[in-house]
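Thanks for coming, everyone. Please look at the screen for a moment before I start.

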Amino acid sequence: MDFSGWEKLSLVDFDDNLTTTLFMAGCPFRCPFCHNGDLVLHPENAPKIPWEEILDYLKKRRGMLDAVCVSGGEPTLMPDLKEKIREIKELGYIVKLDSNGWRPDLLKGLIEEKLVDHIAMDIKNSKEKYSATAGVEVDMSQITQSVDLLMHSGISYEFRTTIIEEFHDEDDIRRIGEWIKGAKMYRLQRFIDGETCIYRGLHPISLDKAEGFIEILKPYIENVDLRGYDK
């Protein structure tokens, strides 16, 4: 299966690493705030990037790039994901995986085979509002398995939530904190409305309110920060 999007150089997708980011089309969720709407809603129309073209790029830039971020959509839909990541690792790159956590079995295999160095998992909302926020009925047993897996795996990981006025309030944030208590890292991401979002007209949480969310989370999680906010 081919990737359908490619940001050849990113300075923001994986902390301080010079990263190339690959996007896979398709996702089991329909989050209204998703900014990759075309990839999620119409994967059949997405472009196909030849794998050999990507590998050739990575081979030529060894020593210049640090990492590859595999994102989506939802990359765990890709049937040959392990094989592709294995080829990336053989070139000496650090690999970060972005996932919504709906395939704990696959995440477990990637971790056990040491094919990923860092996993960023979305936490859409509190358990009570998860399906409403994801836009589909979500099997929460899969999500909770992935959360537990990351927290006990020893791998580098982060949880992250795109916070939106219409979906997240103080009670939701407190419930998330109770759920992932003790997590290594939790990031609250600023929402940006744009033409590629699945649903237009949603509103970002203000900086003041986001900072209030941080205070709510501090008793539960040591490392919490904001992403995309100018202070």
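This is a predicted model: local features need pLDDT of at least 70, side-chain atom pairs count only at pLDDT 80 or more; totals for chains, interfaces and linings use all residues.

Residues are numbered from 1 along each chain as its sequence is written, and side-chain values use heavy atoms, with hydrogens and water left out.

First, the sheet. Eight strands form an open, mixed sheet, in the order β1-β2-β3-β4-β5-β6-β7-β8. Strands here are DSSP runs of E, at least two residues; helices are runs of H or I, at least four; both are numbered from the N terminus. At the edges sit β1 (5–10) and β8 (224–227), each pairing on one side only. Pairing takes at least two DSSP bridges between two strands. β5 and β6 run parallel, joined by five bridges. One partner of note: A120 bridges to E158 in β6.

Now helix α6, residues 140–153. Its 14 residues reach 20 Å from first C-alpha to last, close to the 20 Å expected at 1.5 Å a residue. That expected span is 1.5 Å times one less than the number of residues. Which residues of α6 are buried? M140, I143, S146, V147, L149 and L150. Buried means under 20% relative accessible area, with a 1.4 Å probe and protein chains only. Just after α6, G154 takes a positive phi of about 85 degrees.

Last, T21. This residue lies in strand β2 (residues 19–23). T21 is buried, at 1% relative accessible area. Its neighbours include W6, E7 and C69, where contact means heavy atoms within 4.5 Å.

Conventions
Buried means under 20% relative accessible area, exposed over 50%, partly exposed in between (1.4 Å probe, protein chains only). Lists of a residue's contacts leave out its neighbours within four places in sequence.
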